[in-house]
Amino acid sequence: MSGRTWEVAARGRTDVGEGPAWDAREGVLWFIDVTPGALYRLDPASGDVDVRLVGLPIGAAIPSREGGLILALEDGVHAYSWGDATTTLLVPVEAQDTSIRMNDAKCDPRGRLWAGTMAYDFRPGASTLYRFDKTGPAPVQTGCTISNGMGWSPDSGTMYFVDTPTSRIDIFDYDIETGAATERRAWVTIEDGAGSPDGLTVDSEGCVWVALWGGGVVRRYAPNGRLIEVVELPVRQVTSACFGGPSLSDLFVTTAAYQMTPADIEREPLAGATFVVATDVVGSPTVTVDVSLLSTRT
């Protein structure tokens with residue numbers, strides 16, 4: 001369903017490559033490797049890829065409006081500047097439970113941070129979707145299993161959300177003034193055998209691009225939920241996607257080599273690489289975190 005072709009943007013074999021975020025100020029792509037707590041910086045213009053270890057498993061990295069990055073680490077929300085020796089914990093999240101870690105995170109169009117958690121053993125019901133504001137982390141959706149991809153429609157009136165084991169993309173009615181997400185309901189259900197929904201991004205036309213773990217593809221759905229495009233990748237464990245580049249038309253896609261055997265790697269030598277797909281679509285920019293909206297320790 002797609003004639004689009006991929007190129008390798010970063011060849012390294014991540015265990016669980018995730019969380020691509022385009023930094024328009026620096027013209028670079030940030031992405032992560034969850035398990036070792038690795039933060040990557042890709043300069044597409046030069047092809048240079050640099051990495052820093054941040055000390056804890058990492059779920060997301062998002063540019064901050066004030067400069068630097070906001071990281072979703074195992075124990076909460078941290079601030080970090082590239083090259084610093086350590087991160088700074090701003091908002092603890094379930095830090096007393098070491099069986100839980102933070103997972104995917106995104107900002108709504110106002111810069112309000114949202115992030116989810118998950119259990120290391122993937123146990124059902126242990127995951128929570130949080131909104132972060134001046135009152136602290138507010139649990140919006142409890143009883144999830146793997147809180148994952150999020151995004152917002154161009155008019156900000158709809159929030160998209162993935163709890164991966166449900167095999168669905170759900171939607172909330174969203175109030176951009178208050179950050180209230182209400183009336184959760186199923187929007188798209190992924191059919192058996194096609195893979196599991198993971199990270200997602202929304203383009204300027206209101207279409208949703210979702211990575212399918214185990215499916216080897218990124219799918220594009222129209223605002224009415226109709227499947228309109230499938231971008232095929234040479235690896236099965238596709239994790240997330242975002243738009244970047246000077247015109248926001250390059251689709252960056254992260255992948256994983258999680259629990260793959262040597263035979264698996266021989267079949268999929270590019271597993272864990274980050275790919276880029278040229279499109280004729282303008283994506284939505286990565287929204288930076290407005291730290292002034294957070295209730296921090298300091």
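Predicted model: local features only at pLDDT ≥ 70, side-chain atom pairs only at ≥ 80, totals over all residues.
Figure 1. The cut-off for a buried residue is under 20% relative accessible area. Arg131 also counts as buried, at 15% relative accessibility. The two residues form a salt bridge. Their closest N and O atoms are 3.3 Å apart.

**Figure 2. Arg219 and Glu191 form a salt bridge between distant parts of the chain.** The closest N and O atoms of Arg219 and Glu191 are 2.6 Å apart. Arg219 counts as buried, at 8% relative accessibility. Glu191 counts as partly exposed, at 42% relative accessibility.

**Figure 3. Arg110 and Glu177 join two loops through a salt bridge.** Their side chains meet at 2.7 Å, N to O. Arg110 lies in the loop between β10 (100–107) and β11 (113–119). Glu177 lies in the loop between β16 (168–175) and β17 (180–189). The two residues are 67 residues apart, and the pair links distant parts of the chain. Arg110 counts as partly exposed, at 37% relative accessibility. Glu177 is exposed, with a relative accessible area of 54%.

**Figure 4. Arg4, Glu229 and Asp280 are linked by salt bridges.** The three residues form a network. Side chains of opposite charge can pair when their charged atoms come close. The structure holds 18 salt bridges.

**Figure 5. Gly199 is buried in strand β18.** Gly199 lies in strand β18. Its relative accessibility is 0%, so Gly199 counts as buried. Which residues does Gly199 touch, not counting residues up to four places away in sequence? They are Asp104, Asn148, Gly149, Trp209, Val210, Ala211, Thr239 and Ser240. Val218 is 19 residues from Gly199 along the chain. The C-alpha atoms of Gly199 and Val218 are separated by 9.6 Å.

**Figure 6. Thr201 is buried in strand β18.** Strand β18 spans residues 196–202 and includes Thr201. Thr201 has a relative accessible area of 8%, so the residue is buried. Leaving out residues up to four places away in sequence, Thr201 touches Cys207, Val208, Trp209, Ala241, Cys242, Phe243 and Leu251.

**Figure 7. The protein chain holds one helix and 24 strands.** The radius of gyration is 17 Å, close to the 19 Å that the globule rule gives for 298 residues, so the chain is as compact as a globular protein of that length. Along the principal axes, the C-alpha atoms fill a box of roughly 50 × 45 × 40 Å. Buried residues make up 57% of the 298 residues. Among contacts with a separation of 6 or more, 47% come from residues 24 or more positions apart. The accessible surface comes to about 11900 Å². Carbon and sulfur atoms account for 49% of that surface. The chain carries 23 positive and 39 negative charges. The mean positions of the positive and negative charges are 1 Å apart.

Key: Residues numbered from 1 in each chain as written. Heavy atoms only, no water. Helix = DSSP H or I, 4+ residues; strand = E, 2+ residues; numbered from the N terminus. Buried < 20%, exposed > 50% of the residue type's maximum accessible area, 1.4 Å probe, protein only. Contact = heavy atoms within 4.5 Å. Rg over C-alpha atoms; globule rule 2.2 N^0.38 Å. Areas by Shrake-Rupley, 256 points an atom, 1.4 Å probe, with all protein chains shown as cover. Lys, Arg positive; Asp, Glu negative; His and termini not counted. Charge placed at Lys NZ, Arg CZ, Asp CG, Glu CD. Salt bridge = Lys/Arg side-chain N within 4 Å of Asp/Glu carboxyl O.
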